[in-house]
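Q: Can we go through this one together? I'd like to start with charges and rings, then move on.

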Amino acid sequence: MTRPGGPGAPRPGGPMGGGPVEKARSFGPSLKRLMHLLLSYRGFMAVILTSTVASVILTAIAPRVLGHATDLIFNGVVGRELPAGITKQQAVDGLRAQGQDTLADMVNSMDLTPGVGIDFSEVGRVLLIVLALYVCSSLLSWIGAYLLNIVVVGTIRRLRADVEAKVHRLPLRYYDTIPRGELLSRVTNDLDNLSQSLQQTISQFLNSVLTVIALLIMMIWISPLLAIIAIVTIPLAGVATAMIARQSKPHFLNQWASTGKLNAQVEEAFTGHELVKAFGRQRQVEDEFDERNGKLYESSWRAQFISGVIMPTIMFLGNLNYVAVAVVGGLRVASGSLSLGEVQAFIQYSRQFTQPLTQIGSMFNLMQSGVASAERIFDILDADEETPDPVAPERPTADHGLIEFDDVSFRYVDDKPLIENLSLVAEPGHMVAIVGPTGAGKTTLVNLIMRFYDVDSGTIRVDGVESRRMTRDDLRERTGMVLQDSWLFGGTIYDNIAYGDPTASADEVMEAAELSHVDHFVRALPHGYDTVLDDEGGGVSAGERQLITIARAFLAKPTILILDEATSSVDTRTELLIQQAMANLRTDRTSFVIAHRLSTVRDADVIVVMEDGHIVEQGNHDQLLAAQGAYCRLYNSQFAGPIDADLDPQATPTP
């Protein structure tokens, strides 16, 4: 049979299904798109911005006020050393007369009274003001952080919901091109990484930028000369950060691409661990894991190392700035151009000025990682969706199950034809068996009925209405499908059967179980229908799992019933019982049965033999055997003795 991943639709990557490395988009558009998502919380963002601005302003004012306390202490210390009973001007004149002009200039610029010491009451009042400023600043900062957490969590919740909704709108063709582990990595690991990056960077980045602006204003107010010295750090830090970030971006993209590939390999290895052990491929799987783990290590190490250079580089520039400010500031105090408190405040500002620059640089590490994850998530959101349902859909006037294929052509890959000019009519209530070698297009045929794929040309009509004129939901509500691979979810056996029709009564569920011969083995279990299964169907055999999925399809009471190798996991006796149950359900229902075991389809009303996407024969069992064609050869290969079949492959066996 031809299905995604088969001959008609090859999947990229190695033996374990790794995907190609995504080409990076530019940093700016992805970051802008993230900001647009955050701005959906405009009210919260306005309060966050206001509280952050107020917090930064209070934090910026506090060192200047604290500098005044230093001036009070220093003025008191110096004033106490001067003779009492004279004025400040007399003290300055006396110092000049002694040749101490520098000291005289400093005393002249100070607000002191000779002979009077430190005014501790005034110092205490100033310190209380500083304490109040810091407390209010912290409170406003906490409010901003609390609201920002609401915004980020809400944004990620919305983004996760968008991804979940998008996944359901993607065509089956999309899943043919991406390994399941890679997709899981994007909707889990990348979303979590983006959430952490936003929470850790937005608040800090906003606070750091506003702090730089506020401190720059305060430094210019205190001393334009010292401010120029401090400002020199900004372009140097910006150039260093940009150069390093440009080098680290590709490595972050490779890091998350490698993470997705590794997850895909691990998911496939764990899912097929029995097969891996059966073929003795543990060493091969381990070697492939080591190889991909090594690539992840290399990309992660390079990304973290290169981006980690940003912070020490900016800290080095900050230390140079600190030395220059301290030297020049000391000379300005000695000359009387600045007070000691002003220089102290400026040095504190310069250190605080370097800190947000360092934080901005270090945050580029997280921002690069977060934007790389965002790009991978946006890849899913930007993927082409299924063609939309018609605006004015049509519905069949009656549910008989008449299916008509009219000159249908389809291919998974443009340059590889699969089904060409196929025409077929399935009458209501008929069982249509589709047989043929692997890759003939059997499963593709039923995928087209379900509109998992749309035909390239031609039409498929359901009870006289073209399937593309119907909504997908309407079409699939009329169809019950049982695949070769049984799928059960975590829950009880009863819940798994009732999944076919959530509105069904308990009696209807039991009836479906009896018709599909589930009832006899379920009642033998200790907890009966309340037996809890995991998503792997643990606790029941492969054949019993398949019977449960068949019961689920029976409960849906579909107009069209599709069984894709549905009896491949059951024994011959159970297969006969299922065929008897299907006979009861086929009244006014059309059944499509895909099977390699021709014993399953002997009683079919019509047997369609497909080869290379074409119908080469159709008819009932007796007619096709008498025709001595493709069906006869398939039948010989299964039921004729191996020696006889080799001697005369055209021989007709006795039915």
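Q: Which ring does the charged end of Arg33 sit over?
A: That's Phe378, with the charged end 4.0 Å from the ring centre. "Over" here means NZ of Lys or CZ of Arg within 6 Å of the ring centre and within 35 degrees of the ring normal.

Q: And what about Arg64?
A: Its charged end sits over the ring of Trp221, 5.7 Å from the centre.

Q: What sort of model is this?
A: It's a predicted model, where local features need pLDDT of at least 70, side-chain atom pairs count only at pLDDT 80 or more, and totals for chains, interfaces and linings use all residues. Residues are numbered from 1 along each chain as its sequence is written, and side-chain values use heavy atoms, with hydrogens and water left out.

Q: OK, ring pairs. How many aromatic pairs are there?
A: There are 8, counting Phe, Tyr and Trp (its six-membered ring) with centres within 6.5 Å; planes under 30 degrees apart are stacked, over 60 edge-to-face, the rest tilted. One of them is Phe410 with Tyr453, tilted, at 5.5 Å centre to centre and 55 degrees between the planes.

Q: Are those two buried or exposed?
A: Both Phe410 and Tyr453 are buried (under 20% relative accessible area; exposed is over 50%, partly exposed in between, with a 1.4 Å probe and protein chains only).

Q: Which residues cluster with them through ring pairs?
A: Tyr412 joins Phe410 and Tyr453 in a cluster linked by ring pairs.
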